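This report is for a reader who is meeting the structure for the first time. It goes from the helix to the strands, then to charged pairs and the surface.

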Amino acid sequence: MEARTLELVFPEHTNPLGAAFGGFVLGLMDKVGSYAAARRARRPVVTVAVGSVEFKVPIRTGDLLEVVARVVRVGRTSLTVEVEVYKERFGEDGRLLATKGFLTYVAVNERGEPVPVEAHAGAD
């Protein structure tokens, strides 16, 4: 299961040197990662862990970001999602992998209690 979105980096998302705040990028990763996990779980999810995250190249004001999230593991109540952030600059060819990480979510009921994720073949 996958989810993706596009986001433009504005000055308010960056430090005085014009590089994106890590928290801004992590927030995008968490949001899109939760969409992929919720689609697979077919119910709400909550973030329980942020695993390894690697900031490979700087993200700057004016960059267009494509955030791609894929469910890579399904446990009894948890889902692990790989999230990649690609950047591209208008007027330049191609895009670069800027950030990559793994986040873990747990499927929950309306009271916020963990619930099993249904197994369905070919869904991941």
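## The helix

Helix α1 covers residues 22-41, and its 20 residues should span 28 Å at 1.5 Å a residue; the end C-alpha atoms are 28 Å apart, which agrees. The expected span is 1.5 Å times one less than the number of residues. Helices here are DSSP runs of H or I with at least four residues, strands are DSSP runs of E with at least two, and both are numbered from the N terminus. After α1 comes R42, which has a positive phi, near 60°.

The buried residues of α1 are F24, V25, L28, M29, V32, G33, A36, A37, R40 and A41. Buried means under 20% relative accessible area, exposed means over 50%, and partly exposed lies in between, with a 1.4 Å probe and protein chains only. The cover over these buried residues includes β1 (2-8), β2, β3 (64-74), β4 (78-88) and β5 (96-107). Contact means heavy atoms within 4.5 Å.

## Basis of the model

This is a predicted model, in which local features need pLDDT of at least 70 and side-chain atom pairs count only at pLDDT 80 or more, while totals for chains, interfaces and linings use all residues. Residues are numbered from 1 along each chain as its sequence is written, and side-chain values use heavy atoms, with hydrogens and water left out.

## The protein as a whole

The protein has one helix and five strands, and along the sequence they follow the pattern β-α-β-β-β-β. The C-alpha trace spans about 45 × 30 × 20 Å along its principal axes.

Of the 124 residues in the protein, 42% are buried. Among contacts between residues at least 6 apart in sequence, 70% join residues at least 24 apart. The protein exposes about 6,700 Å², of which carbon and sulfur atoms supply 54%. Accessible areas come from the Shrake-Rupley method with a 1.4 Å probe; for residues, only the protein chains shown count as cover.

## Strand pairing

Which strands pair with β5 in the antiparallel sense? One is β2, which pairs with β5 over eight bridges; within this pairing, E54 has K100 in β5 as its bridge partner. Another is β4, which pairs with β5 in the antiparallel sense over 10 bridges, and Y86 stands opposite L97 in β5. Two strands count as paired if DSSP finds at least two bridges between them.

## Salt bridges

Side chains of opposite charge can pair when their charged atoms come close. A salt bridge is counted when a side-chain nitrogen of Lys or Arg lies within 4 Å of a carboxyl oxygen of Asp or Glu. By this rule the protein has 11 salt bridges. One of them joins the side chains of R70 and E2, at 3.3 Å from N to O. R70 lies in strand β3 and E2 in strand β1, so this pair ties together parts that are 68 residues apart in sequence. R70 is partly exposed, with 28% relative accessible area, and E2 is partly exposed as well, at 30%.

The side chains of R4 and E66 also meet in a salt bridge, at 2.5 Å from N to O. This pair links distant parts of the chain, with R4 in strand β1 and E66 in strand β3, 62 residues apart. R4 counts as partly exposed because its relative accessible area is 44%, whereas E66 counts as buried because its value is 15%. A network of salt bridges links E2, R4, E66, R70, E84 and R95. Another salt bridge joins R111 and E113, whose closest N and O atoms are 3.0 Å apart; R111 is exposed at 57% relative accessibility, and E113 is partly exposed at 35%.

## Surroundings of R4

Not counting residues up to four places away in sequence, R4 touches V32, E66, V67 and V68. The C-alpha atoms of R4 and D30 are separated by 12 Å, and the two residues are 26 apart along the chain.

## A nonpolar surface patch

Which residues form a nonpolar patch on the surface? They are L26, V50 and F55, with about 260 Å² of accessible area together. Patches are made of residues with over 30% relative accessible area and no salt bridge; like charges are joined within 9 Å, and nonpolar side chains (Val, Leu, Ile, Met, Phe, Trp, Tyr) within 5 Å. V50 is in strand β2, residues 45-55, and counts as partly exposed because its relative accessibility is 48%.
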